[in-house]
Amino acid sequence: MWLGVKTPLHHVSWQAVQHAWQTADGCDTLASAWLFDHVAAVWGDWTGPCVEAWTALAALSAVTTRIAVGTMCSPIAFRHPFLLAQMACTVQQVSGGRVSPRGRRGLENREGGGRGPRPPP
């Protein structure tokens, strides 16, 4: 059985996320670490801070050495597919081949307006 961790990118300090990933990387029981890819917080105050997933993934993969890294899903409506592929290739290089991307629609209702792009019909 493979175990992994998922950390939020909203309502949390960058230092806490980095510490969690480095701790996971040092734990032989855990095989992977994952982020969500949202443009707004999905619970609590949705106007609060929310770090961009692929930028964070590149930074976190640079400070870990063993665990597979990825996003739970990357909504296709957020980025052009070519850009998303290039971002995944960059993280693949930074991580030394440990990236495991996921793609799908994956939008929360409140992300469709106000702060993020609208999903396609």
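This is a predicted model: local features need pLDDT of at least 70, side-chain atom pairs count only at pLDDT 80 or more; totals for chains, interfaces and linings use all residues.
**Exercise 1. Overall fold**

Task: Work out how many helices and strands the protein chain has, and what pattern they follow along the sequence.

Solution: 
- Count the elements. The protein chain has 3 helices and 5 strands.
- Read along the sequence. The pattern is β-α-β-α-β-β-α-β.
- Turn to contacts between residues at least 6 apart in sequence. Of these, 77% join residues at least 24 apart.
- Look at burial. Of the 121 residues, 40% count as buried.
- Finish with the surface. Its accessible area is about 6,700 Å², and 60% of that belongs to carbon and sulfur atoms.

**Exercise 2. The sheet**

Task: Give the strand order of the open sheet and say whether the pairing is parallel or antiparallel. Then explain why one side of S1 and of S3 is left without a neighbour in the sheet.

Solution: 
- Order the strands. 3 strands form the open sheet as S1-S2-S3, with parallel pairing.
- Find the edges. Strands S1 (3–7) and S3 (68–71) each have a single partner strand, so one side of each lacks a neighbour in the sheet.
- From one strand to the next it averages 25°.
- Check one pair. S2 and S3 are joined in the parallel sense over 4 bridges. Leu-35 stands opposite Thr-71 in S3.
- Place the helix. H2 packs on the sheet and touches S2 and S3. The direction of H2 makes about 170° with that of S3.

**Exercise 3. Ser-74**

Task: Decide whether Ser-74 is buried or exposed, and find which side chains make polar contacts with the Ser-74 side chain.

Solution: 
- Locate the residue. Ser-74 lies in strand S4 (residues 74–75).
- Apply the cut-off. Buried means under 20% relative accessible area. Ser-74 is at 0% relative accessibility, so Ser-74 counts as buried.
- List the partners. The side chain of Ser-74 makes a polar contact of 2.8 Å with that of Trp-54. Another, of 3.0 Å, joins the side chains of Ser-74 and Thr-71.
- Link back. Thr-71 is the residue opposite Leu-35.

Conventions. Residues are numbered from 1 along each chain as its sequence is written. Side-chain values use heavy atoms; hydrogens and water are left out. Helices (H or I, at least four residues) and strands (E, at least two) are DSSP runs, numbered from the N terminus. Buried means under 20% relative accessible area, exposed over 50%, partly exposed in between (1.4 Å probe, protein chains only). Contact means heavy atoms within 4.5 Å. Accessible areas come from the Shrake-Rupley method with a 1.4 Å probe; for residues, only the protein chains shown count as cover. A polar contact is a pair of N or O atoms within 3.5 Å; within protein, one must be able to donate a hydrogen and the other to accept it, and residues adjacent in sequence count only if both atoms are side-chain atoms. Two strands pair if DSSP finds at least two bridges between them. Axes are lines fitted to C-alpha atoms, for helices over the stretch in contact, and angles run from 0 to 180 degrees between N-to-C directions.
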